[in-house]
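Hi,

Here is the structure I promised to pass on to you. Have a look at it first, and then read my notes below.

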Amino acid sequence: AQPPQHRVARAMGLNASPLLTQDSVCRRPSRHSIDEIVIGAPPCVAGPAHVCSSRLGACVSNLVLAVLGAGQLVLPYAFSQLGLGFGIAALLLFALLSIHSCYTLSIYELHFMPQPLDCIESYAELVVRALGNFGKHVCTALLVLYAWGGALSFMVILKGELEWLTGVSGGVCLVVVAALFILPLCSCEDLSVLKTTSPLGCIAGLFITAVVLMSTRWNGEAPLGAEVCQGPRGGYHQDAGESLRWWPDSLASVAAALPLLSFALNSTWAYIPILCTLKDRTPTRYSGLICSSTGIMVVNYWLISVYGYAMFCGATKPNILDSLGSEATPGTGVAQLVYCARVALATQLSLALPMRFFIARRSLNCGVTSLAGRLSLSAGLVGSATGLALLPLSLATVLGIVSSVCASMIIYILPALVDLSLQLPDPLLPGRMRQAVSMVSLSVGAFVLVGGLAANLLGISVGGG
């Protein structure tokens, strides 16, 4: 009889590709799982050596590395739509709901795999075990859309970065990179060699936050300790004289902007394989893993969101580097920092895009093994995303649509459905407190899904790409 993990993988139509289970990866040393490639998890070795092999600090570091990246570029713009006060409150609420979802998934992980050296290797497998065929179809669709839609968002960013760096049309640069670099790589049978580049996203994200802080006009005065709406240090802000907004103008702007926060805080997909490596998976330790990693991310997001928005106020663009690049005085230290940040971001995105399309291709048709088949399917995915990225699409709108569907389901709706359908007892919280929070999470997820999708499709987020 097949082990349970293999039966789940086969039920999802993934038996030909080691996408879900570390066991299948160990049987084929030349292959690596999708989760392992995406989050940069430690390489698998034969047997269960990777299970319960990492200390708490290492797991916290891995989870932060998995989440921080290009998604934070749009957060200052999101705050310009939400207002500073409402934006901070929404960031904290979404962080708490992300903590709740990861905590809930931990309980069900240990319920299905109670033995110390047993674990479920991916978010998708856990949802399939809890929700059956419904979870199987939803997770497959989400994986394809999240990988392809995220790649489209990255292409929109990359087009702007390449044009700014080279002075050549961003569309021309993007087509060249897509044809000569992205398409050949994502058509390969194995992309595990690029796994070592996964920390670049986190490094680029932290560096961009540092650039925003170093560009801020600090003055030590309330409420933020910095001049507001004056542009970057050493630059000139043409809309100086504006004031900070603390609250949103309309419910529609809230609906359009909230998915951008969800996209940046999507740690649930990466969490399950990292939990698998945690030593002594007690409730206290996995709660510490969740809270510590989320706390680090929230501090980073708070800094870039608050001070990025405070620098430009209503003129904040969907990519904060566009705002900085357009108003930093050439030759100044700020301008040089922005240039370095854009080089780092363009490099990181160029290396991340083949992995995104690789995931989408393997999820769509795992039975395609010939080079011609892989090339044709990859060409369709890369070509469609490149064609859309060449259009004058807003980065905020693209990310908003992708996140409205995918992040709402992955972070809020599916964990809440798992919890409310099985209702296991809680090892730490009294009574039915966890189920009550799951109801809140389900409601928030439904609003982000329906309201965010409608608002972004109607063009509420109209910032330039």
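**Cysteines and a helix**

Let's start with Cys 188, which is partly exposed, because its relative accessible area is 28%, and the cut-off for buried is under 20%. Please keep in mind that this is a predicted model. Cys 188 takes part in no disulfide: the nearest cysteine sulfur belongs to Cys 186 and is 8.2 Å away. Cys 173, in contrast, has a relative accessible area of 14%, so Cys 173 is buried.

Which cysteines do form a disulfide? They are Cys 229 and Cys 313, with sulfur atoms 1.7 Å apart. This pair joins distant parts of the chain, 84 residues apart: Cys 229 sits in the loop between α10 and α11, and Cys 313 in the loop between α13 and α14. The torsion about their S-S bond is about -80°, so the disulfide is left-handed. Both Cys 229 and Cys 313 are buried. The count for the model is 1 disulfide.

Now follow helix α17, residues 395-422. At 1.5 Å a residue, its 28 residues should span 40 Å, and the end C-alpha atoms are 38 Å apart, which agrees. Is α17 mostly enclosed or open? Of its 28 residues, 22 are buried, so α17 is largely enclosed by the rest of the structure. Just after the helix, Gln 423 has a positive phi of about 50°.

Enjoy exploring!

Conventions. Residues are numbered from 1 along each chain as its sequence is written. This is a predicted model: local features need pLDDT of at least 70, side-chain atom pairs count only at pLDDT 80 or more; totals for chains, interfaces and linings use all residues. Side-chain values use heavy atoms; hydrogens and water are left out. A disulfide is a pair of cysteine sulfur atoms within 2.5 Å. Helices (H or I, at least four residues) and strands (E, at least two) are DSSP runs, numbered from the N terminus. Buried means under 20% relative accessible area, exposed over 50%, partly exposed in between (1.4 Å probe, protein chains only). The expected span of a helix is 1.5 Å times one less than its number of residues.
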